[in-house]
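This report covers the packing of a pair of helices and the aromatic contacts in the structure shown below.

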Amino acid sequence: MHPALRRLLIGPAENSFGRYLGLLAAGTLFVATFAAYAFGVFAVSGCVVFIPGDAAVVGSIAAATVGYSRGGLVFAWLVAYAPLLGYHADHAFLGLSNRTVQYRLGYFIRADGLAFLAVEGVVIGTVAFAVGYLGSLGVEFVRSGAEPERLR
């Protein structure tokens, strides 16, 4: 793999701790979003929800943070997907409480639902990552008073 593509997708090679931190952050965002929807901190408005707003905001903030810290785009996708999956888990296991456990589990792991959320996570994660990355370059430009190293 080309080094520039590798750096963009998974971050710098010397930052292996950041990879583990990204996985931990994704798991934490999943649990926190699930709990926020379960306890009513986040609410779903409207009848048909294609993009849960609160989960999308949490995921975009996390992905922008990954971009700002110049982590990998894959981790931005992951932290954008995790809150969406937390919303989906709340809907499947708590929102469909009148159904059997087997039905709720089947609904949660359905490939089309997971793929739809994955596409949302990739779009939200990419846009937020780009905003964070460009913000990082802007801060570097302002601090140095000249062109950032990466633009030369």
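In this predicted model, helix 4 (residues 73-95) packs with helix 5 (residues 101-108) at an angle of about 155°, the axes lying 9 Å apart. Angles over 145 degrees count as roughly antiparallel, and helix 4 and helix 5 are therefore roughly antiparallel to each other. Their crossing is right-handed.

On the helix 4 side, the contact is made by L85, H88, A89, H91, A92 and F93, which meet R104, L105, Y107 and F108 of helix 5. Seven of the residues in this contact are nonpolar, two are polar and one is charged.

Across the whole structure, a search finds four aromatic pairs. Two of them are set out here.

| Aromatic pair | Centre to centre | Angle between planes | Geometry |
|---|---|---|---|
| Y37 and F42 | 5.4 Å | 75° | edge-to-face |
| F93 and F108 | 5.2 Å | 45° | tilted |

F93 has a relative accessible area of 27% and is partly exposed. For F108 the relative accessibility is 15%, so F108 counts as buried, the cut-off for buried being under 20%.

Y37 counts as buried as well, at 6% relative accessibility. Together with F42 and Y87, Y37 forms one aromatic cluster.

Terms used:
Residues numbered from 1 in each chain as written. Predicted model: local features only at pLDDT ≥ 70, side-chain atom pairs only at ≥ 80, totals over all residues. Heavy atoms only, no water. Axes fitted to C-alpha atoms, helices over the stretch in contact; angles between N-to-C directions. Helix = DSSP H or I, 4+ residues; strand = E, 2+ residues; numbered from the N terminus. Parallel < 35°, antiparallel > 145°, perpendicular 65-115°, else oblique. Left-handed = near helix turned anticlockwise from the far one by under 90°. Contact = heavy atoms within 4.5 Å. Nonpolar A, V, L, I, M, F, W, Y, C, P; charged D, E, K, R; others polar. Phe/Tyr/Trp six-rings, centres within 6.5 Å; stacked < 30°, edge-to-face > 60°. Buried < 20%, exposed > 50% of the residue type's maximum accessible area, 1.4 Å probe, protein only.
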